[in-house]
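Here is a short briefing on one protein model and its ligand. Please keep the sequence and the structure in view while reading.

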Amino acid sequence: MMENKGTPIVILNFKTYLESTGEKALKLAKSCQNVAEETGVNMMVAPQYGDIYRISQEVEIPVLAQHIDPVDAGGHTGSVLPECVKEAGAVGTLINHSEQRMQLFNIDAAIKKAFSLGMSSVVCTNNIETSTAAATLNPDFVAIEPPELIGSGIPVSQAEPEIVEKTVEMIHNINPQVRVLCGAGISTGDDLKAAIDLGSEGVLLASGIILADDPQKALLDLVSKI
Ligand code: G3P
């Protein structure tokens, strides 16, 4: 994944909001690209599957899938074949998002599958213990997101700084190669700054930007303190 070293990673998860679907998804991805160009921040987008191809054709910033199924080609109707999202233009994927939880053996298989295809893996976790467990599976990133704060507008980096700090410490003890992100309730420049100060390399966020009156302005505010 192309990256500006030394600046944070900001992954905008489009989830299934209408405000980040279809034409609006494309517009949002272009706003993310504008902000990346203006500020040097590593903006990445995770649109719905049906929007991956169009978005990846129109922007240069990394496009991630929101999930993959660790299935091989063949008879798996309705599954998300990793090769398919890769061919559509995704260079990485979220795995085990709180809204798309997976069993441990499937998380492991999905990370391996992503790795074998040259795709980055971002494993989402709900607490320090699962973050530590996820780190042993060698993903590129672990993103700690306490589920009770998701969509709440209460930023994890300010409301529960010890969770982020401890996750960074535990993961770096276990597997220093794994990079740590955090998410849930993040929307302002202070939230992102707090996340970075706690040792996280960036954030994963959604509603604070997607539902803002002016998402591009909200993104600029988000990156204004770093
Ligand atoms: O994947 C990002 C996430 O679950 C956080 O959502 O709406 O609290 O920023 P939100």
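Strand β4 is covered on both faces: G92 and L94 are buried on one side, and T93 and I95 are buried on the other. The model is a predicted one.

**Strand β4 and its partners**
- β4 spans residues 92-95 and β5 spans residues 120-125; the two strands run parallel and share 4 bridges.
- G92 has S120 of β5 as its bridge partner.
- T93 sits opposite S121, also in β5.
- β4 also pairs with β3, again in the parallel sense, through 2 bridges.
- On that side, A65 is bridged to T93 of β4.

**Crossovers around β4**
- β3, helix α3 (residues 82-88) and β4 form a β-α-β unit, and the unit is right-handed.
- From β4 the chain continues through helix α4 (residues 104-116) to β5, in a β-α-β crossover that is right-handed too.

**The whole sheet**
- The sheet is open and has 8 strands, with parallel pairing.
- Its strand order reads β2-β1-β8-β7-β6-β5-β4-β3.
- β2 (42-46) and β3 (64-65) are the edge strands, each pairing on one side only.

**Helices against the strands**
- Helix α1, residues 23-39, lies across β1 (9-13) and β2.
- The angle between α1 and β2 is about 170°.
- Helix α5, residues 128-135, lies across β5 and β6 (141-144).
- Relative to β6, α5 runs at about 170°.

**The ligand site**
- Which residues surround the ligand? They are N13, K15, H97, E145, I150, G151, A184, G185, L204, L205, A206 and S207.
- N13 places a side-chain N or O atom 3.0 Å from an oxygen atom of the ligand.
- K15 has a polar side-chain atom 2.9 Å from a ligand oxygen atom.
- G185 uses its backbone: an N or O atom there lies 2.8 Å from an oxygen atom of the ligand.

**Residue S200**
- S200 is located in the loop between α8 (189-197) and β8 (202-205).
- Is S200 buried or exposed? It counts as buried because its relative accessibility is 4%, and the cut-off for buried is under 20%.
- Its side chain reaches the backbone oxygen of G202 at a distance of 2.6 Å.
- Beyond its neighbours within four places in sequence, S200 is in contact with V164, V168, V180, L181, C182 and A195.
- G183 is 17 residues from S200 in sequence, and their C-alpha atoms are 10.0 Å apart.

Methods. Residues numbered from 1 in each chain as written. Predicted model: local features only at pLDDT ≥ 70, side-chain atom pairs only at ≥ 80, totals over all residues. Heavy atoms only, no water. Pairing = 2+ DSSP bridges. Contact = heavy atoms within 4.5 Å. Axes fitted to C-alpha atoms, helices over the stretch in contact; angles between N-to-C directions. Buried < 20%, exposed > 50% of the residue type's maximum accessible area, 1.4 Å probe, protein only. Right-handed = clockwise from strand over helix to strand, strands pointing away. Near = heavy atom within 4 Å. Polar contact = N/O pair within 3.5 Å; in protein donor to acceptor, adjacent residues only side chain to side chain.
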